[in-house]
Amino acid sequence: MNEAEFSDLENHQDQTEIFYIWQKLYEPYIKEVPLFKGCSIGFIKQILIKVHEEFFLPGEMIIEQGQIVDQLDIFRYGQLISIVMRRSSCSSPILCFAMALLMLSVVVSSQLTTNFYSTTCPNLLQIVRREVQRAIMTEMRMAASLLRLHFHDCFVNGCDASILLDGSNSEKFAAPNLNSARGFEVIDSIKNAVESQCSGVVSCADILAIAARDSVLLSGGISWKVPLGRRDGLVANQTGANAALPAPFDALDTIIAKFVDVGLNITDVVSLSGGHTIGQAKCATFSNRLFNFSNGAPDSTLESSMLADLQNLCPQNGDGNKTTAFDRNSTDLFDNHYFQNLINHKGLLSSDQILFSSDEANSTTKSLVESYSTNQKLFFSDFANSMIKMGNISPLTGSSGEIRKNCRIINT
Ligand code: HEM
């Protein structure tokens, strides 16, 4: 990192928060590395910013003798004997679990492959990670916004980057996205950075999928290998976006039906709703619960102190664009507090709280909410699995679609 980059980082507002999260994630391991023993805290901080995590399967090549690299590899669980690796089977339960998850992902995703760009754009993952890091250091909420973009892309016409297309008929003007979906400029920056190294090779749809994964990881959540090879669609589908995307006012059976329509199940509904452990929502999306919800009273499934806070923030006829955090316990941290909130009647949207409190939840979603609220590992593994499934909704592959040069417009 040069001086200019260093002072650029120093100027970012959200640094304290992001350092805190990354410190929790990586510091214990960085400190164990003999090379860094005795280094200043400032130096360790800069290393923390640069670290990114990758999982490897048994037998997968990480580095070869004689290979010249421009990065430092720190192996957390692998058994690095010399530069030539000898990896035994799983050396830790967490790694075993990650490996099992990754193997599962290969089964789930038949058309896409995790090494799709390994020869055509070998630095793709590093480029995207760097740009996502940059974006969330400027604004931590961006992690949430990028995660949501991938979800809103995949539910409409499949994961084909149709949400990124500009124009009056675009999905950007559909009700769930209008004045709400954000992060388009960040995707532009990532695409530009990718194009400058591998022109015309990487789809915008794949960039969305990788950025979503990186956003979760850099917020303190789990990582997974992203199956790749999607191509970009040629049309947006505004009507489809209005119909297919779940609304915060939908009943549970409607939400489940919208997930089933794209090949997802009840476990996916609950685990992916856990995405609401980060990010914010506008008053307009939950204010119906605050005053005249039923029989002139507020929603009885909303805890009373939170109700009072929200009534204060979002008075009747107030500004519907004001926002508040989904997860008040740990606003920007990807954890299982979302589910603990639901059990404490502190879900923000009606569509959140009904996963635990509605009658229909008893036979569908409630038990999973309870399990995730006490078992973060289970939540993380189900979440990663569901993200891979969601990322595999009707991808365009082979010669369908195209690789857009600019994510906002189709190629001419
Ligand atoms: C289950 C049905 C879902 C409904 C009804 C729903 C609805 C919403 C609404 C109304 C907002 C606030 C938008 C705003 O105020 O501008 C929101 C934000 C968000 N949603 Fe969902 N959502 C659902 C599922 C998901 C899924 C599956 C994910 C991702 C896996 C997700 C990730 C997010 C994130 C991260 C935010 C915060 C975005 C930001 O801060 O910019 N949601 N969602």
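Mentor: Start with how angles are taken. Axes are lines fitted to C-alpha atoms, and angles run from 0 to 180 degrees between N-to-C directions. Keep in mind that this is a predicted model.

Trainee: At what angle do helix H5 and helix H7 pack?

Mentor: About 150°, with the axes 9 Å apart. H5 covers residues 124-138 and H7 covers residues 184-197.

Trainee: Why is H5 called roughly antiparallel to H7?

Mentor: Angles over 145 degrees count as roughly antiparallel. The angle here is about 150°. Therefore H5 is roughly antiparallel to H7. Their crossing is right-handed.

Trainee: Which residues make that contact?

Mentor: H5 gives Leu 124, Ile 127, Val 128, Glu 131 and Ala 135. H7 gives Val 186, Ser 189, Ile 190, Ala 193, Val 194 and Gln 197. By class, that is 8 nonpolar, 2 polar and 1 charged.

Trainee: Which residues of H5 meet H8?

Mentor: Leu 125, Val 128, Arg 129, Val 132, Gln 133 and Ile 136. In H8 they meet Ile 207, Ile 210, Ala 211, Asp 214, Ser 215 and Leu 218. The classes are 8 nonpolar, 2 polar and 2 charged residues.

Trainee: How many residues surround the ligand, and what puts a residue in that shell?

Mentor: The cut-off is a C-beta atom within 6 Å. The shell has 25 residues. The closest are Ser 180, Leu 272, Gly 275, Gly 279 and Lys 282. Elements giving two or more residues are H6 (142-154), H11 (266-273) and strand S1 (280-282). H6 has the largest share, 5 residues. By class, the shell has 12 nonpolar, 9 polar and 4 charged residues.

Trainee: How do you know where to hold back?

Mentor: Look at pLDDT, on a scale from 0 to 100. The chain averages 86, and 81% of the residues score at least 70. But pLDDT stays under 50 over residues 1-11 and over residues 79-109. Residues 79-109 have 43 contacts beyond four places in sequence; residues 1-11 have 5. Where pLDDT is low, predicted coordinates should not be read in detail.

Conventions: Residues numbered from 1 in each chain as written. Predicted model: local features only at pLDDT ≥ 70, side-chain atom pairs only at ≥ 80, totals over all residues. Helix = DSSP H or I, 4+ residues; strand = E, 2+ residues; numbered from the N terminus. Nonpolar A, V, L, I, M, F, W, Y, C, P; charged D, E, K, R; others polar. Parallel < 35°, antiparallel > 145°, perpendicular 65-115°, else oblique. Left-handed = near helix turned anticlockwise from the far one by under 90°. Contact = placed C-beta atoms within 7 Å. pLDDT = per-residue confidence, 0-100.
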